[in-house]
Amino acid sequence: MLNDADIDRIWFGCGNFGGIGSSPRLRSAGDTEQQALQLLDHARRVGLRRFDTANTYGGGSSEIILGKWLRSQDASFVKDAQIATKVGNPHGCPPGETPLSRTQIAWHLDGSLRRLGLERIDLYYIHEFDRVTPLEETLDAMTRAVESGKIDRFGISNASLSDVKAVRKLAGSSLASRFEYVQNEYNLLATADAKALIPYCAGHGLRYIAFSPLAGGFLTGKYRSGEQPPPGSRLAHAPEVCGSYSNEQSFAVIERLRQSAEERQQTMAGTALRFVLDTPRVDGLIIAPRRLDHFASLGLAPQ
């Protein structure tokens with residue numbers, strides 16, 4: 001089981017609410033509002049108080065559902081909870097615009113605040129860099145959001161080491177003092193960041209948050225080499241999201257994970273999560289269970 005210190009490092013990911021991620025094609029494959037609210041209730045029961053979403057998850061449904069749930073909770077819980085959302089995914093950008101332009105950030109930020117029912121967002125991420133908008137313009141928009149009181153802290157996601165260095169170099173004093181988080185994919189099958197990016201973040205006061213610690217479900221053992229993915233699974237619905245893991249090298253790592261979990265008398269999911277939590281200088285991670293029993297497989301039990 002996870003201890004209190006472990007639980008405090010875990011964010012509950014809302015990326016499956018109303019769709020799988022940001023893709024319009026996968027709206028019907030996501031959790032319904034009823035399912036999402038049940039998952040959020042259970043997340044609170046197991047002690048989670050950090051929640052991660054994005055303006056484009058489920059076409060905005062994720063923020064709407066999370067906002068509805070927050071309004072149903074007691075004031076003391078909401079005060080202590082931390083909410084992270086994001087801007088910059090191209091699926092949220094109208095034709096002819098760039099996702100991280102000054103006008104797009106301002107418009108989407110107000111939309112996120114409205115859907116979440118908040119006056120200020122605790123943590124606001126650049127979801128991904130559009131590589132078209134000048135970074136100076138994007139950071140200026142984020143600075144205005146900080147100075148207006150609409151966001152408290154700032155982070156970047158899907159970022160390279162050069163991205164992190166560039167943001168640190170170009171951020172003005174107001175934004176630099178709030179630049180605290182980097183959120184990237186990190187798991188047993190994707191360990192590249194451990195070499196340079198994670199140590200760099202730690203050396204410059206940035207918190208590294210790992211998303212997809214179970215590699216889109218591969219590290220739970222649900223997928224087997226040479227076999228069709230289970231119906232309804234993420235790989236069956238969206239092979240483009242995590243299909244890059246479907247290779248012999250990955251399945252060899254998964255088999256070693258299976259053996260290690262059996263030796264420890266743990267689930268594969270719990271062992272995979274432990275790997276990320278035990279990686280030096282990783283501040284936290286994001287989980288996205290889709291059934292209540294998934295919490296138990298990760299070592300999370302009602303408190």
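Which residue's side chain does R131 meet in a salt bridge? That would be D163, with N to O at 2.8 Å; a salt bridge here is a side-chain nitrogen of Lys or Arg within 4 Å of a carboxyl oxygen of Asp or Glu.

## Ground rules

This is a predicted model, where local features need pLDDT of at least 70, side-chain atom pairs count only at pLDDT 80 or more, and totals for chains, interfaces and linings use all residues. Residues are numbered from 1 along each chain as its sequence is written, and side-chain values use heavy atoms, leaving out hydrogens and water.

## Bridges across the chain

R131 sits in the loop between strand 4 and helix 6, and D163 in helix 7 (residues 161-170), so the pair links distant parts of the chain, 32 residues apart. (Helices are DSSP runs of H or I, at least four residues, and strands are runs of E, at least two, numbered from the N terminus.) R131 is exposed at 58% relative accessible area, while D163 is buried at 8%; buried means under 20%, exposed over 50%, partly exposed in between, with a 1.4 Å probe and protein chains only.

The whole structure has 18 salt bridges. Another one joins K150 and D110, with closest N and O atoms 2.8 Å apart.

D130 is buried yet has no salt bridge, and the nearest side chain of opposite charge, R131, is 7.3 Å away. Instead, the D130 side chain reaches the backbone nitrogen of V132 at 2.8 Å and that of L100 at 3.0 Å; polar contacts are N or O pairs within 3.5 Å, and within protein one atom must be able to donate a hydrogen and the other to accept it, with residues adjacent in sequence counting only if both atoms are side-chain atoms.

Technical notes:
Lys and Arg count as positive and Asp and Glu as negative; His and the chain ends are not counted.
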